[in-house]
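Here is a short briefing to read alongside the model. Please keep the viewer open as you go.

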Amino acid sequence: KPGEQKHSKEPSSLQCMHLAVVACGDRLEETLIMLKSAVLFSNRRLCFHIFAEDSLKPEFEEKLQEWPSSYTKKFEYNIYPITFSVGNAQEWKKLFKPCAAQRLFLPVILKEVDSLLYVDTDVLFLRPIDDIWHILKEFNSTQLAAMAPEHEIPKIGWYSRFARHPYYGTTGVNSGVMLMNLTRIRNAQFKNSMIPSGLTWEEMLYPLYQKYKNYITWGDQDLLNIIFYFNPECLYVFPCQWNYRPDHCMYGSNCKGAEEEGVSILHGNRGVYHDEKQPTFKALYEVIRDFPFEDNLFQSLYYPLQSKFLDTVHTLCGRIPQVFLKQIEKTMKKVYENRVIVYLGANHRY
């Protein structure tokens, strides 16, 4: 089809930064805005792995093909059906939100992909994916995945107060942004609470779910917490600015990394892009959604954002606008610097 991106076997996929997302139900728009934020700022080529219900596939293809060629040339995509390789598919589908458990099966399905960034549909990138992709190089010899803490302060953390199952560290980890070395995950033997010897990732998933299904609240995120409780040496923990959620500002500002560097990845969980509870999160979502691809980033994205933020200063998260604006401003400056260098270089050649 005209404009369709095909890439699964091409050599260029080896140079890609691989990004996976799972979209079911009414998550089409959210997913497209997330992908848009990724394409707007990234430097290297992207490979999108979109797992979606069959009914959403034609809509994804139609919308992505409407994007201007200056952006579609920056990425390739594949759309996959929702599948579960072990256990009861209906049980997995109903675990927490529709299809969310699909992320547990990425190492099994994407056998030709070495490393991958998984994000929830309600994530927005405020800086290039290249920057979080570099964290893969910081893994030590035992680490095979990276996530951010679920909370910074144990006394207000959900896991530390309510969990009825094992979880990682003192506050658990949040799986909405998860960097994975899939090769290592496929090759590892994981310690577990079921048998004395190790199990592979695929062997472990369904028995683990069966054992803990009556005790888990947050579905696949809880299962990941259980896995890394028994295998803490396998997890790299990145700071909260890479998975910044309303919890980081609605009880006072408790993400020091975001205060110092600005938010790198915004995670609008609890539906905050679509209600009035957290206007700062909603403002960012709407400005990126409404940004015309070919327009000036400062005029059509940054300035409208500043204007919208003025209306949110009375809210808990709106009191710290610099946390939300610092990184995106720095990112846009870099985008322009790169374009000027390319432009000058092209003119210089002729």
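The notes below cover a strand, a helix and several salt bridges.

This is a predicted model, in which local features need pLDDT of at least 70 and side-chain atom pairs count only at pLDDT 80 or more, while totals for chains, interfaces and linings use all residues. Residues are numbered from 1 along each chain as its sequence is written, and side-chain values use heavy atoms, with hydrogens and water left out. Helices (H or I, at least four residues) and strands (E, at least two) are DSSP runs, numbered from the N terminus.

- Seven of the seven residues of strand 1 are buried (under 20% relative accessible area, with exposed meaning over 50% and partly exposed in between; 1.4 Å probe, protein chains only).
- In a regular strand, side chains alternate between the two faces of the sheet.
- Both faces of strand 1 are covered, with Met17, Leu19, Val21 and Ala23 on one side and His18, Ala20 and Val22 on the other.
- Strand 1 pairs with strand 2 in the parallel sense over seven bridges (pairing requires at least two DSSP bridges between the strands), and His18 stands opposite Cys47 in strand 2.
- Strand 4 (residues 115–119) also pairs with strand 1 in the parallel sense, over two bridges, and here Leu19 faces Leu117 as its opposite residue.

**Helix 2**

- Within helix 2 (residues 57–65), Phe60, Glu61 and Leu64 are buried.
- Viewed down the helix axis, the buried residues of helix 2 fall within an arc of 95°, so they line one face (the arc is that of the directions from the helix axis to the C-beta atoms).
- These buried residues pack against strand 1 (17–23), helix 1 (28–41), strand 2 (46–52), helix 3 (69–72) and strand 3 (75–80) (contact means heavy atoms within 4.5 Å).

**Salt bridges**

- The whole structure holds 15 salt bridges (a side-chain nitrogen of Lys or Arg within 4 Å of a carboxyl oxygen of Asp or Glu).
- Arg103 forms one with Asp120, the closest N and O atoms being 3.5 Å apart, and both residues are buried.
- Arg103 also bridges to Asp220, with 2.4 Å between the closest N and O atoms.
- Arg103 is in the loop between helix 4 and helix 5 and Asp220 in helix 10 (residues 220–230), so this pair ties together parts 117 residues apart in sequence.
- Lys333 and Glu329 meet in a salt bridge (3.6 Å, N to O), and both lie in helix 14 (residues 321–349), four residues apart.
- Lys333 is partly exposed at 43% relative accessible area, as is Glu329 at 27%.
- Glu276, Lys282, Glu286 and Lys308 are linked in a salt-bridge network.
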